[in-house]
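Hi,

Here is the structure I promised to send over.

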Amino acid sequence: MLLSIDTTAGTSVAVFDGQKELSFIDNADPFGHAENIGDCLTEALASAGKRIAEVTEVLVGRGPASYTGLRVGIAAAKTIAASLGVPLRGVMVLDALAYQQPGKVLVTSDAKRRELFAATYENGLRLDGPFLTTSEQLGQFQDFRHLAGASDARLNAKFFASTSQDLSDSSPIYLRSPDVTPSKGKKVSG
Amino acid sequence: MEIKKLTIELLHEVMQLENQVFESEAWSERNMTAELSTQHSHYFGLFDQELIGYAGLRLSPQDYAADIQTIAIGKEHRGKGLGRTLMNRLIEVARANGSEKIFLEVKQSNSAAIELYKSLGFEQIDIRKNYYRPSGENALVMLKEITQPLILGIESSCDETGVGIVRGNRLLANALHSSMDEHAKYGGVVPEVAARAHLEAIEPTLNQALAQAGVELDEIDAIAVANGPGLAGALMVGIGAAKGLAVGSDKPIYAVNHLVAHVGADVLERGAVELPTIALLVSGGHTSLLLVRDLLDDVELLGETIDDAAGEAFDKVARVLGLPYPGGPEIDKAAESGDPAAIRFPRGLMLPKDMERNKYNFSFSGLKTAVARWVEKCEEANESYSTADVAASFREAVIDVLLTKALWACEEFGVPRLLLGGGVVANARLRQEAVRRCSEAGIELRIPRFSLCTDNGAMIAALGAQLVMSGRAPSSLGFGAESTLPVTVVQTP
């Protein structure tokens with residue numbers, strides 16, 4: 001039984017038995033990940049009629065996504081997998097969005113600051129990405145059908161059930177370095 | 001009928017009952033006075049209009065033990081289960097204070113009492129011959145053991161990822177991962193850098209804590225996590241991890257106040273935090289002066305910094321002097337050979353005009369600027385200056401303000417105790433001055449070991465344990481990070 005957790009957009013949790021969806025809870029609040037993660041987990045389990053101990057695998061959305069929310073989901077997924085002693089898998093969420101999309105597709109999701117997270121696919125297989133881009137730069141992907149969206153725990157779980165990709169890496173995908181400029185030196189007064 | 005804490009004001013009523021119940025074996029008024037007023041003794045009276053029974057407990061926090069000192073029920077009120085009521089209250093107090101063992105003595109002939117104690121979980125462990133005077137009767141020594149809860153605590157409010165494990169008031173593990181080195185090139189803590197580091201460190205730190213304590217995750221009784229005050233993005237990593245643990249192991253969760261946890265850390269040193277106390281918490285993120293009358297119910301913020309935290313001022317002045325980050329230890333080192341009286345740097349918010357609104361607040365921004373101006377002036381004039389003197393004089397100004405205000409608080413609120421916490425207590429001069437000034441003022445000074453003073457998971461676990469032992473309900477799963485959580489909110493519900 002798979003417990004799928006995603007905080008790359010809102011907070012969502014799904015419980016799957018193989019391909020079969022047992023429950024899906026989605027809280028769209030784009031800021032309340034730390035608040036919502038616990039209740040989403042317990043509601044998804046309750047709605048599936050399952051106990052946490054029955055979970056045999058944990059899946060988490062690795063991003064790319066805004067940092068703060070992303071980390072909440074990954075942190076929770078790590079400790080759930082650790083408490084249950086079950087494996088943790090990670091999905092690069094643009095892959096889940098591209099799942100079962102025929103032909104050449106450019107998948108993007110909102111990266112805030114007028115930027116986009118993007119990756120290109122052909123018949124669901126990633127050609128390039130993920131990378132950061134802007135809507136002005138999308139012209140170079142004329143050959144690609146553009147698909148914009150956000151993934152969630154359900155899409156990630158469906159992708160997981162069908163892919164042969166190695167998903168053992170569950171580390172976050174930020175695509176941006178931390179927002180800082182090193183200190184300029186010692187001028188403090190004035 | 002109600003149970004109330006007994007105080008010395010009720011000595012007369014207590015003695016009347018004492019003499020009626022124990023007759024020739026009754027305690028003297030002097031002994032009773034001492035009993036009622038001794039620290040760590042808890043006496044409760046049972047009132048039905050008047051005092052009809054009482055019982056007392058003495059805690060030995062360092063031994064994690066408690067002794068039932070006495071229990072008395074007025075002759076005409078016996079056989080109604082009142083003794084059990086009082087005993088349950090004493091057991092509750094022992095449990096809440098972290099006792100692992102409760103001892104009592106009882107007359108061998110008092111079979112009713114022995115039965116009561118047995119039914120409450122006491123077992124005979126010894127017999128003392130010829131114990132009671134003048135009768136010469138034997139005493140049975142009985143013991144009740146309490147298994148205190150095993151609590152795992154997570155701290156991630158700034159740049160330290162901490163996971164601690166305690167059993168009751170006992171420290172079992174205190175694992176820590178610091179991202180301080182990653183911040184060095186920026187000259188201060190960068191929130192995003194800290195938060196990323198927390199996510200990387202949380203699982204290894206968790207595993208390290210479990211290994212240190214020699215326990216498995218499924219043995220943990222409850223999870224505690226700091227949900228503020230602190231850097232929101234950093235706190236959220238700890239919260240996510242804590243909620244995952246709570247759901248994953250199906251255990252209750254307690255969201256606790258990081259600053260109050262600093263005060264509570266002292267329970268891990270000697271089994272109790274002596275209260276009331278003034279607490280001075282000084283770190284890179286906080287400069288707070290607290291009055292703590294009760295760790296769980298009565299914490300008051302007397303003052304805090306209105307601009308930079310003291311630790312931040314050390315970092316910034318270190319930068320001015322061309323010293324590396326973090327500035328505290330570097331300034332300490334540089335100041336060693338300096339003259340603390342060489343330059344009279346300003347003391348913030350110490351003037352008479354500050355007393356009304358800022359008596360217990362701190363300001364280090366002006367001091368930092370004064371040091372920078374002083375150094376720049378020397379450099380512009382091509383005058384050489386002694387880094388050691390500047391460092392020593394700056395450090396002296398910070399320490400002077402911190403300790404002066406802390407001791408003012410002790411005096412104004414009649415609190416004979418000062419507890420220091422936070423990373424800045426690593427400063428040798430601060431500790432030295434604190435010892436000197438407290439001893440002059442007759443104030444008891446508490447400084448927990450350094451690993452319990454800096455941000456750490458053990459103090460979060462310890463505060464969580466206090467809440468569990470006191471029977472508090474867990475937090476709901478819906479709490480979030482509160483970057484400005486007030487100290488009055490010890491637990492977020």
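Aromatic pairs first: over all chains the count comes to 11, where a pair means rings of Phe, Tyr or Trp (its six-membered ring) with centres within 6.5 Å, called stacked with planes under 30 degrees apart, edge-to-face over 60 and tilted for the rest. Before you read on, bear in mind that this is a predicted model, in which local features need pLDDT of at least 70 and side-chain atom pairs count only at pLDDT 80 or more, while totals for chains, interfaces and linings use all residues. Residues are numbered from 1 along each chain as its sequence is written, chains are lettered from A and ligands numbered from 1 in the order in which they are written, and side-chain values use heavy atoms, with hydrogens and water left out.

Take Tyr67(A) and Tyr174(A): their ring centres are 5.6 Å apart and the planes stand at 80 degrees, so this pair is edge-to-face. Tyr67(A) sits in helix 2 of chain A and Tyr174(A) in the segment after helix 4 (153-162), so the pair links parts of the chain 107 residues apart (helices are DSSP runs of H or I, at least four residues, and strands runs of E, at least two, numbered from the N terminus). Both Tyr67(A) and Tyr174(A) are buried, meaning under 20% relative accessible area, with exposed being over 50% and partly exposed in between (1.4 Å probe, protein chains only).

Chain B has Phe345(B) and Trp374(B), with centres 6.4 Å apart and planes at 85 degrees, so that pair is edge-to-face. Phe345(B) counts as buried at 3% relative accessibility, whereas Trp374(B), at 29%, counts as partly exposed.

There is also an aromatic cluster made of Phe131(A), Phe141(A) and Phe144(A). Phe144(A) lies in the loop between strand 8 (125-133) and strand 9 (145-148) of chain A and counts as buried at 17% relative accessibility. Leaving aside neighbours within four places in sequence, Phe144(A) is in contact (heavy atoms within 4.5 Å) with residues including Lys104(A), Leu106(A) and Tyr121(A).

Now the charges. How many salt bridges does the structure hold over all chains? The total is 37, taking a salt bridge as a side-chain nitrogen of Lys or Arg within 4 Å of a carboxyl oxygen of Asp or Glu. Glu54(A) pairs with Lys50(A) at 3.8 Å, N to O, and also with Arg51(A), where the closest N and O atoms are 3.9 Å apart. Arg51(A) counts as exposed at 55% relative accessibility. Glu115(A) and Arg176(A) meet in a salt bridge at 2.8 Å, N to O, and the two are 61 residues apart in the chain. Arg176(A) is buried at 13%, while Glu115(A) counts as partly exposed at 24%. Over in chain B, salt bridges that share partners join a network that includes Arg347(B), Glu396(B) and Asp400(B).

Last, the interface. The contact takes 38 residues from chain A and 37 from chain B. The area buried between them is about 3,200 Å², with carbon and sulfur atoms giving 67% (buried area is the accessible area, 1.4 Å probe, that two parts lose on being put together, summed over both). The rule finds 1 salt bridge across this interface, between Glu192(B) and Arg71(A) at 3.0 Å, N to O. On the side of chain A that touches chain B, the largest share, 13 residues, comes from helix 2 of chain A.

Cheers
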